[in-house]
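User: Hi! I am new to reading protein models, and I would like to learn it feature by feature. Could you walk me through this one?

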Amino acid sequence: MSDSWKLSLPCTRAEAEAIDAGSIDIDAVLVTTETVEDDVEHWRLDAFTDNEPDADLIAAIRALAPSAAAVVPEIEQLTDQDWVTLSQAGLEPIREGRFIVHTEAHPVTPTAGERAFLINASQAFGTGHHGTTAGCLTMLDRMSGAPVVNAIDLGTGTGLLAFAARQLWPEAKVMATDIDPVAIDVARENAARNGVDRIAYVVADGAQSPEIEADAPFDLIIANILAGPLVAMAGEVAAIAAPKATIVLAGLLSTQADKVKSAYRAVGCAVEESDTRGDWTILRLRAAEMPVTNVPSDNEGRENWARDI
């Protein structure tokens with residue numbers, strides 16, 4: 001195996017959560033870790049890469065942790081070590097409802113009724129370790145008795161939430177989309193690794209594409225992205241929703257929840273459930289009883305489009 005490298009910087013919890021929730025175009029595996037329990041100031045950012053970090057990569061990673069502007073990054077050569085295993089070392093398995101999400105470094109044996117997914121950290125968002133993704137898993141698990149025939153995961157990232165939908169509703173059609181072709185490749189690889197089939201993968205910006213519109217309406221829409229794109233996409237999401245469809249939204253800070261709720265109420269959706277995970281909120285909404293048509297698209301905030309993530 002060729003030598004690999006690790007670059008480390010201190011960061012804050014807020015910076016770590018922004019890294020975990022964002023779509024970041026950096027050729028490295030990024031892992032954030034709490035170094036002092038329940039301390040918002042003491043976290044660490046590790047970047048694992050195949051090649052020695054050059055000035056551009058160092059600058060890009062430093063920009064993710066402004067609180068460490070005066071800190072010299074630690075750069076370590078990982079000679080004869082499995083850097084993928086090292087990059088997963090801080091990601092302990094999580095359990096949300098019937099789902100377990102784990103990495104290769106932490107294999108698990110599911111019990112009866114549980115479904116384990118192997119999801120390694122990668123260039124796509126959605127390992128399950130971020131509160132937004134974990135909250136979505138629980139939200140979906142609680143919906144397992146509801147009838148779903150056509151589901152879509154907008155901004156799928158690693159594909160995890162689409163996989164959960166396939167597990168919960170094995171007879172339903174499931175589509176997974178992302179603006180990033182790399183994320184779609186990662187989702188396909190994860191599906192093969194976990195034995196998940198019959199998911200349609202689409203590269204798409206938002207909820208408007210010929211493939212999405214051809215399969216609409218959807219009675220379950222999942223969008224674990226960011227508040228800006230969620231607000232911008234409210235009309236698009238409403239337009240592809242079946243009457244009374246369930247819409248699960250995540251990736252929004254709790255301080256942004258009212259703005260997101262207002263945007264979806266304006267297109268006929270009603271908030272039915274809200275779950276808070278740390279600083280993040282997950283929403284379950286019910287779409288309007290009558291289909292929404294001719295809703296203009298709002299492009300504000302699309303520059304922050306992410307993932308499933």
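Analyst: Happy to! Let us begin with a definition: a residue is called buried under 20% relative accessible area, exposed over 50%, and partly exposed in between, using a 1.4 Å probe and protein chains only. A word on the background: this is a predicted model, where local features need pLDDT of at least 70 and side-chain atom pairs count only at pLDDT 80 or more, while totals for chains, interfaces and linings use all residues. Residues are numbered from 1 along each chain as its sequence is written, and side-chain values use heavy atoms, with hydrogens and water left out.

User: Let me try that definition. Is Gly 97 buried or exposed?

Analyst: Gly 97 counts as exposed, because its relative accessibility is 51%. To say where it sits, we need helices (DSSP runs of H or I, at least four residues) and strands (runs of E, at least two), numbered from the N terminus. Gly 97 lies in the loop between strand 5 (94-96) and strand 6 (99-102).

User: Which residues does Gly 97 touch, not counting those up to four places away in sequence?

Analyst: A contact means heavy atoms within 4.5 Å. By that rule, Gly 97 touches Thr 138 and Asp 141.

User: How do I read a sheet?

Analyst: Look for pairing: two strands pair if DSSP finds at least two bridges between them. Here, four strands form an open sheet in the order 2-3-1-4, with antiparallel pairing. Strand 2 (29-34) and strand 4 are the edges, as each pairs on one side only. From one strand to the next, the twist averages 25°; axes are lines fitted to C-alpha atoms, for helices over the stretch in contact, and angles run from 0 to 180 degrees between N-to-C directions.

User: Why is strand 1 described as largely enclosed by the rest of the structure?

Analyst: Six of its eight residues are buried, so strand 1 is largely enclosed.

User: What about a polar residue such as Asp 46?

Analyst: Asp 46 is found in strand 3 and counts as buried, because its relative accessibility is 3%. Now look for polar contacts: pairs of N or O atoms within 3.5 Å, where within protein one must be able to donate a hydrogen and the other to accept it, and residues adjacent in sequence count only if both atoms are side-chain atoms. The side chain of Asp 46 makes one with the side chain of Ser 8 at 2.5 Å, and another with that of Arg 44 at 2.8 Å.

User: How can a helix have two sides?

Analyst: An α-helix has 3.6 residues a turn, so residues three or four places apart point the same way. In helix 2 (residues 55-62), Leu 57, Ile 58 and Ile 61 are buried. They lie on the same side of helix 2 because they cover an arc of only 100° around the axis, the arc being that of the directions from the helix axis to the C-beta atoms. On the other side, Ala 55 and Asp 56 are exposed. The cover over the buried residues includes strand 1 (4-11), strand 3 (43-49) and strand 4 (74-78).

User: And what is a core?

Analyst: A nonpolar core is a set of buried Ala, Val, Leu, Ile, Met, Phe, Trp, Tyr and Cys residues joined through side-chain atoms within 4.5 Å. The largest one has 35 residues, and Phe 163 and Ile 199 are among those with the most contacts inside it. Helix 5 (160-168) is one of the elements that supply at least two residues; its seven are the largest share. Apart from this core lies another of 33 residues, including Leu 154 and Ala 257.

User: Which residues does a cis peptide bond join here?

Analyst: The cis bond joins Ala 216 and Pro 217, with omega about 5°. Pro 217 is in the loop between helix 7 (210-215) and strand 11.
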